[in-house]
Amino acid sequence: MNNSLKVVDERTATSYDIPIRDGAIRAMDLRQVKETPDDFGLLTYDPAFLNTASCRSSITYIDGDKGILRYRGYPIEQLAEHCTFLEVAYLLIHGELPTQEQMNEWFYDVSHHTMLHETTKKFLEGFRHDAHPMGMLVSTVAALSTVYPEARDIHDPANRKHQILRLIGKMPTIAAYTYRHSVGFPYVYPDNELGYTENFMNMLWKMVEPKYMANPTIARALDILFILHADHEQNCSTNVMRSVGSSHADPFLSTAAAAAALSGPLHGGANEEVLRMLDVIGSKANVPAYIEKVKAGNFKLMGFGHRVYKNYDPRARIIKWAADQLFQVTGGNAKLDIALELERIALSDEYFIKRKLYPNVDFYSGLMYQAMGFKPEMFTVLFAIPRTAGWLAQWQELVEDPEQKIARPRQIYTGYDARDFVPMTQREITAKVKVKVEH
Ligand code: CMC
């Protein structure tokens, strides 16, 4: 069997053999398909990248139809059961699980990069008391670029590793400080004797006690959530990380851009929206009427559906299990009943079955975060902390990939053809500019 695609251009009656590799053809191989010799060549048109692979990657594998997720080959279920988040972060960045010695060194290195420069603390103080934590996080991560200008040397592997440690180390500190700022509490310095997640809890919740001791069940549940959120191949924010990184911007700026993409309600911001939606629904009895409004196209069911998973999101399954453990300590979340009823009705409704819409990672994570004591504004920040490891693993892979260049898609131009300049006195108001801003 010939491993190629035969394409016949009916415009010119010319046939082309396009090689197929790894189930894909190269879009650039279509450029030879021309109507006339000075024709630009055939483009592919793929808004929102529904069917375009932008890179070769060995980090995360997803089979959306079967509901499979693996980091570096390891099933997410096994990693969630046996690993700590920091171990998984090592796996994502280095490609292999660490030995005890490597893990000790990794923990030492990360925990010695947790502090923020005092000027960065002052920077955070400049935000309004009610600033959204994601806005604070995005801006502060970008501001780190000014503190570490040497990060611009992205071609030096040792320098890259240094910045990776800084970002993984400082992310929980920034996240915790955005919370302390919003409630007006003094910032708590990192405690290097504590594990990664326990230290994050320490910086969030320590008051006047001499030593903060995290509840082990809550710490483990949060660590599992970190593992589940650590990477998810070429999702919206990772694509931004790679796209901005492809211009050779430093990793702080690329990470800030990725976090900005994460904040949107269709991506990481969905976990916050799920809780708001459950509040709006109010009770189990209101679920059927709400589902009808979703089906009528009034709004989407937040925490449902996924670009890649057309089956149960494996992360949602693990979260349901972890939530059971957590709720035994924290007590249940009153909204759980509404969520379970939503899931039950949606999974048996033709609208959702036909479109293969299942609960995604964000459907239950918010209920857990809330039971732990987080307010909804913090939920996406909790997603950004572990995803930083995934973004950085993907960024490193990008920088080391000789096939990659600056990301620069093509367009299909739909605007005016060339037209002559019109002096202002002769211009007319067009419908397009009629929208007025209220002052
Ligand atoms: N509720 C109701 N209908 C939906 C939903 C939903 N949550 N999601 C998709 N649909 C419908 C959509 O209207 C479309 O219907 P039709 O074929 O009649 O036009 C069909 O299902 C296909 O949806 P799509 O919008 O083409 O799918 P997409 O791959 O472009 O979008 C998505 C994926 C996740 C953005 C979308 O499912 C969504 O908006 N979900 C709600 C937000 C959410 O939970 N996001 C978190 C995603 S998982 C974590 C993460 O990425 O951070």
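Trainee: Which backbone N or O atom lies 2.7 Å from a nitrogen atom of the ligand?
Mentor: That atom belongs to L301; a polar contact is a pair of N or O atoms within 3.5 Å. The model is predicted, so local features need pLDDT of at least 70 and side-chain atom pairs count only at pLDDT 80 or more, while totals for chains, interfaces and linings use all residues. Residues are numbered from 1 along each chain as its sequence is written, and side-chain values use heavy atoms, with hydrogens and water left out.

Trainee: What does the side chain of H267 do with the ligand?
Mentor: An N or O atom in the H267 side chain is 2.7 Å from a ligand oxygen atom. A polar backbone atom of L266 is 2.9 Å from a ligand nitrogen atom.

Trainee: Changing topic, at what angle do helices α9 and α10 pack?
Mentor: Helix α9 (residues 236-245) and helix α10 (residues 251-262) pack at about 150 degrees, with axes 8 Å apart. Helices are DSSP runs (H or I, at least four residues), numbered from the N terminus; axes are lines fitted to C-alpha atoms over the stretch in contact, and angles run from 0 to 180 degrees between N-to-C directions.

Trainee: Roughly parallel or roughly antiparallel?
Mentor: That angle makes α9 roughly antiparallel to α10, a term for angles over 145 degrees.

Key: Polar contact = N/O pair within 3.5 Å; in protein donor to acceptor, adjacent residues only side chain to side chain. Helix = DSSP H or I, 4+ residues; strand = E, 2+ residues; numbered from the N terminus. Parallel < 35°, antiparallel > 145°, perpendicular 65-115°, else oblique.
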